[in-house]
Amino acid sequence: MMPTCYRSGSAAPEIGYAIVESPLGWLLVAATAQGICSVKLGDSPRALEAELQTEFASAALQSDAPQLRRWVNVILDYLRGEQPHLDLPTDVRATAFRRRVWEELRRIPPGETRSYAAVAAAIGKPKAARAVARACALNPTALVVPCHRVIGEDGQLRGYRWGLERKRRLLEQEKRARER
């Protein structure tokens with residue numbers, strides 16, 4: 001998803017980004033002056049950077065942006081189980097429906113899960129479980145908007161852009177942190 005400042009005909013936004021090692025592989029965090037516009041997990045810094053460049057082809061990208069250090073550290077603390085909740089600003093453009101889904105995801109307490117159907121019901125759209133799943137899949141700010149907390153109606157883990165093993169580890173880490 002594009003940051004809100006990334007509109008056709010407007011000046012190219014400046015997006016700072018950092019790529020660091022994390023407990024779940026490589027972590028990319030990218031942000032505009034308004035907030036985080038992308039969080040990605042991956043196996044290679046090069047692949048993450050290439051994905052960011054494709055996603056924001058017209059943006060002026062700045063590697064190792066110093067203003068990101070605080071947000072990156074908060075996310076790393078979260079991944080280590082030292083930060084229970086991520087309350088960081090985001091800057092993404094989305095439909096009203098996706099925004100409602102993402103806001104609801106941020107309400108799910110760390111260490112807990114909800115089904116796609118439960119999220120749909122919580123936003124007043126009980127028949128929109130598939131659309132909720134799509135909104136989760138298109139979430140550009142993973143971890144900050146915790147789409148990993150959404151599971152199947154049967155309690156099974158369902159798709160996660162960065163793999164079910166990472167999703168399982170995130171949920172286990174959150175449960176351990178909550179128990180402390």
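Student: Exposed means over 50% relative accessible area, and buried means under 20%. So where does Asp-43 fall, buried or exposed?

Tutor: This is a predicted model, so keep that in mind throughout. Asp-43 has 67% relative accessibility, so Asp-43 counts as exposed.

Student: What does Asp-43 form a salt bridge with?

Tutor: Its partner is Arg-166. The closest N and O atoms of the two are 2.7 Å apart.

Student: And Arg-166, buried or exposed?

Tutor: Buried. Arg-166 is at 13% relative accessibility, and the cut-off is under 20%.

Student: Why would they pair at all?

Tutor: Side chains of opposite charge can pair when their charged atoms come close.

Student: What else does Arg-166 touch, leaving out residues up to four places away in sequence?

Tutor: Its contacts include Leu-24, Gly-25, Leu-41 and Tyr-160. There is also a polar atom of the Arg-166 side chain 3.2 Å from the backbone oxygen of Trp-162.

Student: Tyr and Trp. How are the rings of Tyr-160 and Trp-162 arranged?

Tutor: Edge-to-face, because their planes are at 70° and the cut-off is over 60. The ring centres are 5.6 Å apart. Tyr-160 and Trp-162 are buried.

Student: How many aromatic pairs are there?

Tutor: The count comes to 1.

Student: Back to charges. How many salt bridges in the whole structure?

Tutor: A search finds 11. One of them joins Glu-172 and Arg-168, with N and O 2.5 Å apart at the closest. Both lie in helix H6, 4 residues apart, about one turn of the helix. Asp-77 and Arg-80 also meet, at 3.1 Å from N to O.

Student: Which residues form a network of salt bridges?

Tutor: Lys-40, Glu-51 and Glu-55 are linked that way.

Student: New topic. How many residues are in the largest nonpolar core?

Tutor: 42. Those with the most contacts inside it are Leu-27, Ile-36, Ile-75, Leu-105 and Leu-143. Strands E1, E2 and E3 are among the elements giving two or more residues to this core. H2 gives the largest share, 7 residues.

Student: Where is another core, and how many residues has it?

Tutor: It lies apart from the largest one and has 10 residues, among them Tyr-17, Ala-30, Leu-52 and Ala-59.

Student: Why do such residues gather?

Tutor: In soluble globular proteins, nonpolar side chains tend to be buried together.

Student: You named Leu-143. What is its phi?

Tutor: It is positive, about 75°, although Leu-143 is not a glycine. Most residues other than glycine have a negative phi. Leu-143 lies in the loop between H5 and strand E6. At a relative accessible area of 2%, Leu-143 is buried.

Student: Last one. How many disulfides does a search find?

Tutor: It finds 0. The sulfur of Cys-147 has its closest cysteine sulfur in Cys-136, 5.8 Å away.

Student: Are Cys-136 and Cys-147 buried or exposed?

Tutor: Cys-136 is buried, with a relative accessible area of 9%. Cys-147 counts as buried too, at 7%.

How values were computed
Residues are numbered from 1 along each chain as its sequence is written. This is a predicted model: local features need pLDDT of at least 70, side-chain atom pairs count only at pLDDT 80 or more; totals for chains, interfaces and linings use all residues. Side-chain values use heavy atoms; hydrogens and water are left out. A polar contact is a pair of N or O atoms within 3.5 Å; within protein, one must be able to donate a hydrogen and the other to accept it, and residues adjacent in sequence count only if both atoms are side-chain atoms. Contact means heavy atoms within 4.5 Å. A nonpolar core is a set of buried Ala, Val, Leu, Ile, Met, Phe, Trp, Tyr and Cys residues joined through side-chain atoms within 4.5 Å. Buried means under 20% relative accessible area, exposed over 50%, partly exposed in between (1.4 Å probe, protein chains only). Rings of Phe, Tyr and Trp (its six-membered ring) pair if their centres lie within 6.5 Å; planes under 30 degrees apart count as stacked, over 60 as edge-to-face and the rest as tilted. A disulfide is a pair of cysteine sulfur atoms within 2.5 Å. A salt bridge is a side-chain nitrogen of Lys or Arg within 4 Å of a carboxyl oxygen of Asp or Glu.
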